[in-house]
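Work through the following exercises with the sequence and the model in view. Each task is followed by a solution in steps.

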Amino acid sequence: MDIHKTLLASLQKLARQHTEETLGNRSDYLGASDIGYCPRKVILEKINPSEHDLATLLRFQRGHMAEDIIARAFTAAGYSNFEQQVEVSIPGDIPLKAHIDFVFTSKTQKIKSILEIKSTNRIPDGPYSSWESQLYIQMGALAEKYPDYAIKGAILPIDLAAGEVEFFNGYTPQKTIFKGLMGKAEMIWSDYQAMLEGKEIEPDTDVSPLCGFCSHIESCPRFEAEEVPELVNAVDELQNLQEQEKHLQGKIKPCKAKLFNIVKQRGAIKTGGRFLKKATRSRKHLVMDRLEAFLADNGSSIDEFQESRSFSFLEIKKAKAA
Ligand code: SF4
C-alpha cells in the first residue's frame, strides 16, 4: 500500500464531504472568508478549484480538530449556550454567506458573541487583516439578522503543535468597515460573473507573502512585472531578522563557552533552580582515510559512491541599478 497516495485520496474525499456538508457549493456564493483574500485568487479558485496537496489537507484536518477541542473544552466548562458552524445569509444584491465557528447567546442580556477559531503554525503578534475582515462581515451579518441583540466578536488562534493559544477580543460591528467590505464583495462577485460569461477581464490582485500558497501564481500578472513592490516589507523583515539572528549568535556563542568552561572544570552546578553540566553524546562517523584505503585496495574509489543532489534556498542579492 502506498500510504502517501492512500492518505491523499481519503483526505481529499473527506475535505469534499466536509465542504458539501458545512459550506455547500462554494461556487454559488461568496463566503465571509473570501472577502479578506486576493480577489483574483478567490475568483480563480471558484472557477477552477485546485486539488489540495497532502500538507494542505492535513492543515484542514488540524483546523477541524482545533475547533472540536475548543467545543469540547467549552462543554466541559459547563457552557451550553453556543451553536457551532452557524450559517448566516447576508441580504443584498449578491449571494453572500457567513459561516461562523461559534455563536454564544445570552438571551437575558441580549448579547450574541462570535468566536472564530484559527488553527495556525505560529501565533502572530496581532490578528491578520484577513481574519479581521472575516470577523467584521460575520458581526455585520449577525447585527442585521438580530437587530435586538448587541453583537461582539473575538478571534482565538491556536497552535496545536506548540500547545499555544491567544485571544484577540473586544471587536464590535463597525458600519463603515462592513460597508467597505460589502463593496469589495460586490466587485469580486461582478468580476466573477463576467469571467463566467467569458468576458476578458483582469480581476484585482492583492500581492502578499501568502502568494507563495496561491495555485494561480504562475499566471499572475503581478509577478510578470519587473518589480513586486508589495513584498518590500516582507523582504525587509526577513533581512532584519537574519541580522538579529547573526547578532544573537555572536552573543550566544561566547556566553555558552564561558559557562561550559566552568562546568568542564568544576563539574555540574546548580543556579537559579537550573542544573548545568557537561553532557557527552557520541555519534558514528565515517573514518574517510580508512574507507578510501579499503576502496583503493578493492579497485574502487569514494567518487563512485558520491552523487550530487540539488537543494533549493532563498537567495537575496542587491539588484543592479537600472
Ligand atoms: S499570486 Fe498573489 S496576487 Fe496573484 S492571484 Fe495569487 S494571491 Fe493573488
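**Exercise 1. Domains**

State into which domains the chain of this predicted model is divided, and what separation their centres have.

Solution. Step 1: domain 1 covers 3–220, and domain 2 covers 228–276. Step 2: taken over C-alpha atoms, the centres of domain 1 and domain 2 are separated by 38 Å.

**Exercise 2. Helices α1 and α4**

Describe how helix α1 packs with helix α4, then list the residues in contact and sort them by class.

Solution. Step 1: two packed helices are described by the angle between their axes and the distance between those axes. Step 2: helix α1 spans residues 3–22 and helix α4 spans residues 54–76; their axes are 10 Å apart, at an angle of about 50°. Step 3: α1 is therefore oblique to α4. Step 4: the crossing of α1 past α4 is left-handed. Step 5: α1 contributes H4, L7, L8, L11, Q12 and A15 to the contact, while α4 contributes L54, L57, F60 and Q61. Step 6: sorted by class, this contact of α1 with α4 has seven nonpolar and three polar residues, and no charged ones.

**Exercise 3. Helices α3 and α6**

Find the angle and handedness at which α3 and α6 cross, and the residues that meet.

Solution. Step 1: helix α3 (residues 39–47) and helix α6 (residues 175–196) have axes that come within 10 Å and cross at roughly 45°. Step 3: α3 and α6 cross in a right-handed way. Step 4: from α3, P39, V42, I43, K46 and I47 meet I188, D191, Y192 and M195 from α6. Step 5: the classes in the contact of α3 with α6 are seven nonpolar, no polar and two charged residues.

**Exercise 4. Helices α5 and α6**

Decide how α5 and α6 are oriented to each other, and name the residues that meet.

Solution. Step 1: the axes of helix α5 (residues 129–145) and α6 come within 9 Å, crossing at roughly 105°. Step 2: α5 and α6 are therefore roughly perpendicular to each other. Step 3: S133, Y136, I137 and G140 of α5 meet I177, F178 and L181 of α6. Step 4: the contact of α5 with α6 has five nonpolar, two polar and no charged residues.

**Exercise 5. The ligand**

List the residues around the ligand and sort them by class.

Solution. Step 1: around the ligand are C38, R40, K41, T205, D206, V207, C211, C214, H216, I217, C220 and R222. Step 2: this shell has six nonpolar, two polar and four charged residues.

Note on methods. Residues numbered from 1 in each chain as written. Predicted model: local features only at pLDDT ≥ 70, side-chain atom pairs only at ≥ 80, totals over all residues. Near = placed C-beta within 6 Å. Nonpolar A, V, L, I, M, F, W, Y, C, P; charged D, E, K, R; others polar. Axes fitted to C-alpha atoms, helices over the stretch in contact; angles between N-to-C directions. Helix = DSSP H or I, 4+ residues; strand = E, 2+ residues; numbered from the N terminus. Left-handed = near helix turned anticlockwise from the far one by under 90°. Contact = placed C-beta atoms within 7 Å. Parallel < 35°, antiparallel > 145°, perpendicular 65-115°, else oblique. Domains from an automatic or database assignment.
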